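Open the model in your viewer and keep the selection panel at hand. We will go helix by helix, then look at individual residues.

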Amino acid sequence: MVVARSVALFAVAAVLEIGGAWLVWQTIREHRGWGYAAAGIASLALYGFVATLQPDGHFGRVLAAYGGIFVAGSILWGALADGYRPDRFDLAGAAVCLTGMAVIMFAPRG
């Protein structure tokens, strides 16, 4: 149950952070309205709160592990939102990052 909660929180955090950054990107790089930037900033702020809900209480561990989720989530977001076609190296790198996330967060500790 703890692993499922942690993974779900990482997924929510990824949507908020990657989505927020994407909205700001759309504002600046794609010349969308400033409403996109405002929504992006709000989303990025919410991301900061979601990270605190992780069951593990160690800031460094949680944020380091989230990095793996961020990498893989960013590639997925790019593929879904912008039509980016990840190559085998993108996918291999994301797999390495997700493996690192799992080791950092879920390795048995005594």
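Select H1 and H2. Their crossing is left-handed. This is a predicted model. The two axes come within 7 Å and cross at roughly 155°. Angles over 145 degrees count as roughly antiparallel, so H1 and H2 are roughly antiparallel to each other. Now colour the contact of H1 with H2 by residue class. Its residues divide into 18 nonpolar, five polar and one charged.

Stay on H1 and pick Thr27, which lies in this helix. Is Thr27 buried or exposed? Its relative accessibility is 5%, so Thr27 counts as buried. Show what touches Thr27. Leaving out residues up to four places away in sequence, the list is Arg32, Gly33, Trp34, Tyr36 and Ala37.

H1 runs over residues 2-29 and H4 over residues 88-106. Their axes come within 12 Å and cross at roughly 130°. H1 and H4 are therefore oblique to each other. H1 passes H4 in a right-handed crossing. Which residues make the contact? On H1, select Val3, Ser6, Val7 and Phe10. On H4, select Met101, Met105 and Phe106. Sorted by class, the residues of this contact are six nonpolar, one polar and no charged.

With H2, the crossing is left-handed; with H4, H1 makes a right-handed one.

Now select H3, residues 59-82. How far does H3 reach from its first C-alpha to its last? The span is 32 Å over 24 residues, close to the 34 Å expected at 1.5 Å a residue.

Last stop: step past the end of H3. Gly83 follows this helix. Check its backbone torsions. The phi of Gly83 is positive, near 75°.

Technical notes: Residues numbered from 1 in each chain as written. Predicted model: local features only at pLDDT ≥ 70, side-chain atom pairs only at ≥ 80, totals over all residues. Heavy atoms only, no water. Axes fitted to C-alpha atoms, helices over the stretch in contact; angles between N-to-C directions. Helix = DSSP H or I, 4+ residues; strand = E, 2+ residues; numbered from the N terminus. Parallel < 35°, antiparallel > 145°, perpendicular 65-115°, else oblique. Left-handed = near helix turned anticlockwise from the far one by under 90°. Contact = heavy atoms within 4.5 Å. Nonpolar A, V, L, I, M, F, W, Y, C, P; charged D, E, K, R; others polar. Expected span 1.5 Å × (residues − 1). Buried < 20%, exposed > 50% of the residue type's maximum accessible area, 1.4 Å probe, protein only.
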